[in-house]
Amino acid sequence: MTEPKSDTPGVIAPPPLIFLGYLIAGIALEYLVVRTQGLDMPGSLRWTVVALFLLAGGGLIVAALGRFKAAGTPAPPWQPTTAFVVQGIYRWTRNPMYLGMTLAYLGLTVAANAPVALWLFIPLIMTIHYGVIVREERYMADKFGVAYINYVHSVPRWL
């Protein structure tokens, strides 16, 4: 007898915790091990970049969460999806929450003046891609079929 298939994507960990883990690791490595010269940016430019990235990232996350709430489906990827959301921000990107978290990660990295956290950016994105996004996309295709596959072909993953 086979086990019934789980009605969740089976992501490796909650995405916010993945971003936070990489951020903490990067900042810890920066200040406890590597000790680079920091980012060579004037203070006013640095804080402008931080503000823009955090505002843009937060805006994307809030917009995406609003669409999930309107559709009556839970946002956490470890809970079963009850609706396929294609309205609002989801017309331009399939992953606005991860794009928002990425911008927040970059903004916080600049705020912390921690280039080592930037070095971890590629491994972070690969972890999110293979440990979260690919699993979610497989789950959504299984659950919503052709409609989701058509959406994948018409809306970019990031931008």
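Predicted model: local features only at pLDDT ≥ 70, side-chain atom pairs only at ≥ 80, totals over all residues.
1. Is Phe-84 buried, partly exposed or exposed? Phe-84 is partly exposed, because its relative accessible area is 21% and buried means under 20%.

2. Start with the overall layout. The protein has 5 helices and 0 strands. Along the sequence the pattern reads α-α-α-α-α. The C-alpha trace spans about 55 × 40 × 25 Å along its principal axes. Of the 159 residues in the protein, 38% are buried.

3. Next, the contacts across the chain. Several examples follow.

4. Pro-15 is one place to look. Pro-15 sits in helix H1. Pro-15 counts as buried because its relative accessibility is 1%, and the cut-off for buried is under 20%. Leaving out residues up to four places away in sequence, Pro-15 touches Pro-77, Trp-78, Tyr-98, Met-101, Ile-128 and Val-132.

5. Pro-15 can also be set against Thr-127. The two residues are 112 residues apart along the chain. Their C-alpha atoms are separated by 9.5 Å.

6. Now the aromatic rings. The structure holds 6 aromatic pairs. One of them joins Phe-84 and Tyr-151. A pair of aromatic rings is described by the distance of the centres and the angle of the planes. For Phe-84 and Tyr-151 the centres are 5.3 Å apart, and the planes make 80 degrees. The pair is edge-to-face because that angle is 80 degrees and over 60 counts as edge-to-face.

7. Where do Phe-84 and Tyr-151 lie in the chain? Phe-84 is in the loop between H2 and H3, and Tyr-151 is in helix H5. They are 67 residues apart, and the pair links distant parts of the chain. Their exposure can be compared with the cut-off. Tyr-151 is buried, with a relative accessible area of 8%, whereas Phe-84 is partly exposed at 21%.

8. The rings extend beyond that pair. Phe-84, Phe-144, Tyr-148 and Tyr-151 form one aromatic cluster.

9. Glu-137 is a charged residue worth a look. Glu-137 is found in helix H5. Glu-137 counts as buried, because 14% relative accessibility is under 20%. The side chains of Glu-137 and Arg-94 are joined by a polar contact of 2.7 Å. Apart from residues up to four places away in sequence, Glu-137 touches Arg-94, Asn-95, Tyr-148 and Arg-157. Tyr-148 in that list is a member of the aromatic cluster.

10. Last, the largest pocket. The volume of the largest pocket is about 520 Å³. The lining has 30 residues, and those closest to the centre are Phe-68, Ala-75, Tyr-90, Tyr-98 and Glu-136. Tyr-98 is also among the residues that Pro-15 touches.

11. Which helices supply at least two residues each to the lining of the largest pocket? They are helix H1 (15-34), helix H2 (43-71), helix H3 (96-111) and helix H5 (121-154). H5 gives the most, with 7 residues. By class, the lining holds 24 nonpolar, 3 polar and 3 charged residues.

Conventions:
Residues numbered from 1 in each chain as written. Heavy atoms only, no water. 1 Å grid on protein atoms, 1.4 Å probe; cavity = no way out; pocket = protein on both sides within 12 Å on 5 of 7 lines; lining within 4 Å. Points joined across faces, edges and corners; volume = space filled by probe spheres on them. Helix = DSSP H or I, 4+ residues; strand = E, 2+ residues; numbered from the N terminus. Buried < 20%, exposed > 50% of the residue type's maximum accessible area, 1.4 Å probe, protein only. Polar contact = N/O pair within 3.5 Å; in protein donor to acceptor, adjacent residues only side chain to side chain. Contact = heavy atoms within 4.5 Å. Phe/Tyr/Trp six-rings, centres within 6.5 Å; stacked < 30°, edge-to-face > 60°.
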